[in-house]
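Let's take a walk through a protein model together. We'll start on the inside and then look at some charged pairs.

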Amino acid sequence: MKKLLSYAATALLTAALTLPAAVDRTDPLGDPLARKVRHELVMLPWYSIWDNLKFRVDEGGRVTLMGQTVRPVLKSDAENVVKRIEGVTSVRNEIEVLPLSPNDDRIRRAAYRAIYGHTALNRYQFRAVGPIHIIVKNGHITLEGAVGSEFERNIANVQAHGVSGAFSVTNNLVVAP
């Protein structure tokens, strides 16, 4: 039972950190508007490990959406749901839609198998949206999100470097406290 509670606590913490908020406050989770924006973004039906959504909440309720997505509809959906949040005065959408590429799709699938298939990281694959986001643009892999330890961060990095056809790997994973 203790082990199950420990996994549940880790899952909740990692889920909270998977979509980081760039809020200029000491505790972004303490900002009610940032919490609402984060909630709406993670609840988007097409949001997946292939997408990296970030946001910034500025004074006066101005929200800037950033990141990358493989689906143009996710970019517009993110803007539409954030616009409807009470307290949001304006939305600036800077989400980049990644180019269509069969080679990038192949690299995404190979990176997924390499990372989530590793015994130290396979526990993360059973979540609705995994905490490790795999962004591939023109053959270059970027890892975003949060993991439970520096060991897991390093394993994800090594596994991504082993993906055939990838030109480079940028590891932006953070370790959840």
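What follows is a short tour of the nonpolar cores and a few salt bridges.

Some housekeeping before we set off: this is a predicted model, where local features need pLDDT of at least 70 and side-chain atom pairs count only at pLDDT 80 or more, while totals for chains, interfaces and linings use all residues. Residues are numbered from 1 along each chain as its sequence is written, and side-chain values use heavy atoms, with hydrogens and water left out.

In soluble globular proteins, nonpolar side chains tend to be buried together. A nonpolar core here is a set of buried Ala, Val, Leu, Ile, Met, Phe, Trp, Tyr and Cys residues joined through side-chain atoms within 4.5 Å. "Buried" means under 20% relative accessible area, "exposed" means over 50%, and "partly exposed" is in between (1.4 Å probe, protein chains only).

The largest nonpolar core has 23 residues, and Ile115, Ile132, Ile134, Ile141 and Leu143 have the most contacts inside it. Helix H4 (102-116), strand S5 (132-137), strand S6 (140-147) and helix H5 (150-161) each give it two or more residues. (Helices, H or I with at least four residues, and strands, E with at least two, are DSSP runs numbered from the N terminus.) H4 gives the largest share, 6 residues.

Zoom in on Ile134. Setting aside neighbours within four places in sequence, its contacts (heavy atoms within 4.5 Å) include Ile49, Trp50, Ala111, Ile115 and Leu143. There is also a second, separate core of 19 residues, with Tyr47, Leu65, Ala78 and Ile85 among them.

Now for the charges. How many salt bridges are there? The count comes to 9, taking a salt bridge as a side-chain nitrogen of Lys or Arg within 4 Å of a carboxyl oxygen of Asp or Glu.

One of them joins Arg71 and Asp51 (3.7 Å, N to O). Arg71 sits in the loop between strand S2 (62-69) and helix H3 (72-83), and Asp51 in the loop between helix H2 (32-42) and strand S1 (52-58), so the pair ties together parts 20 residues apart in sequence. Arg71 is partly exposed at 27%, whereas Asp51 is buried at 0%.

Glu96 and Lys137 pair up too, at 2.5 Å, N to O. Glu96 is in strand S4 (residues 96-97) and Lys137 in strand S5, so this bridge links parts 41 residues apart in sequence.

Finally, Asp105 meets Arg108 at 2.6 Å, N to O. These two are 3 residues apart in helix H4, so about one helical turn separates them. Asp105 is partly exposed at 35%, but Arg108 is buried at 4%.
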